[in-house]
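Dear colleague,

I am handing over the structure we discussed, and the notes below it set out what was found. Please read them with the coordinates open beside you.

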Amino acid sequence: MNSNTTRVDELTHPTRFLGIDPGLNRTGYAILEHSLKCPVLCEGGIIRSNQESNLAARVHEIGSGIREVIEEFHPDIMVIEQVFTTPKFPKSSIIMAHARGAILYAAHDAGVPVVHYTPTQIKKLITGSGRASKEQIQHAIKTELGLKTVLEPNDVADAFAAALCHYHSMRVSCF
């Protein structure tokens, strides 16, 4: 395959990234396309679970919501934030792991490959600092995508940050 064929293929079928910021209450998702010049924002949103439902029902809601996003947008790859633990809040990582399990199941079931990045990797690549705040991430995404306002809620910005992290990682590895 020559380089002209690759460029035509990118124009007719750009790579579509599904970025995920997993959570049991709210999971942020972002659809980003790779274009020849810059990343293109396609869609972003959140999937909520009913906090009054039992754990199994909530995990099912997250998994079903991700399945719907995959069916609608047909991503080529999913980029998801890895679980992180903190000594102060160990229960948070367990809760996030439940949501990640449902998300990974939906991706695998649909045949979508998954790439994982740590929160520090994402923050460092997007802002230059592995300790960036949620607000810094939101402003970096606003600037990168040429938006007039920051993305709200921050779960959506974090999902775009994950997708952009892989977008930039792929661009570096292609050259």
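Gln-138 has its place in helix H5, where helices (H or I, at least four residues) and strands (E, at least two) are DSSP runs numbered from the N terminus. At 7% relative accessibility, Gln-138 counts as buried, a term that means under 20% relative accessible area, with exposed over 50% and partly exposed in between (1.4 Å probe, protein chains only). Leaving aside its neighbours within four places in sequence, Gln-138 is in contact with Val-150, Leu-151, Glu-152, Pro-153, Asn-154 and Ala-157, contact meaning heavy atoms within 4.5 Å. Two of these partners, Glu-152 and Pro-153, are joined by a cis peptide bond with an omega of about -10°, and Pro-153 itself lies in the loop between H5 and H6.

Before going further, please note that this is a predicted model, in which local features need pLDDT of at least 70 and side-chain atom pairs count only at pLDDT 80 or more, while totals for chains, interfaces and linings use all residues. Residues are numbered from 1 along each chain as its sequence is written, and side-chain values use heavy atoms, with hydrogens and water left out.

As to the overall fold, the secondary structure of the protein chain comes to six helices and five strands, and from the N terminus on the elements run α-β-β-β-α-β-α-β-α-α-α. Of the 175 residues of the protein chain, 40% count as buried. Among contacts between residues at least 6 apart in sequence, 59% join residues at least 24 apart.

The strands form an open sheet of five in the order E3-E2-E1-E4-E5, with mixed pairing; two strands pair if DSSP finds at least two bridges between them. Strand E3 (39–48) and strand E5 (114–117) stand at the edges, each with a single partner strand, so one side of each is left without a neighbour in the sheet. Neighbouring strands of this sheet are turned by 20° against each other on average, direction ignored, the axes being lines fitted to C-alpha atoms (for helices over the stretch in contact) and angles running from 0 to 180 degrees between N-to-C directions.

Going through the sheet strand by strand, E1 (residues 16–21) has five of its six residues buried, so it is largely enclosed by the rest of the structure. E1 and strand E2 (residues 26–34) pair in the antiparallel sense over six bridges, and a hairpin through four residues joins the two. Within this pairing Leu-18 stands opposite Ile-31, and Phe-17 has Leu-32 as its bridge partner in E2. E1 also runs parallel to E4, to which four bridges join it, and here the bridge partner of Leu-18 is Met-78. Met-78 in turn has Val-114 as its bridge partner in E5, which belongs to the parallel pairing of E4 (residues 77–81) with E5 over four bridges.

For E2, eight of the nine residues are buried, so this strand too is largely enclosed by the rest of the structure. Nine bridges join E2 to E3 in an antiparallel arrangement, with Ala-30 opposite Gly-44, and a hairpin through four residues links these strands.

Two further residues may be worth a look. Ser-64 is found in helix H2 (residues 55–73) and, at 21% relative accessibility, counts as partly exposed; its C-alpha atom is separated by 8.3 Å from that of Ala-102, 38 residues apart along the chain. His-74, in the loop between H2 and E4, has a positive phi of about 50° although it is not a glycine, and at 56% relative accessibility it counts as exposed.

Finally, the largest pocket has a volume of about 690 Å³. Of the 29 residues that line it, the closest to its centre are Asp-21, Glu-81, Phe-84, Met-96 and Lys-134. A pocket here is, on a 1 Å grid over the protein atoms alone, an open set of points where a 1.4 Å probe fits, with protein on both sides within 12 Å along at least five of seven lines, and lining residues have an atom within 4 Å of a point. Grid points are joined across faces, edges and corners, and the volume is the space filled by probe spheres set on the points. Helix H3 (90–110), helix H4 (119–127), helix H5 (134–145) and helix H6 (154–174) each supply at least two residues of the lining.

With best regards
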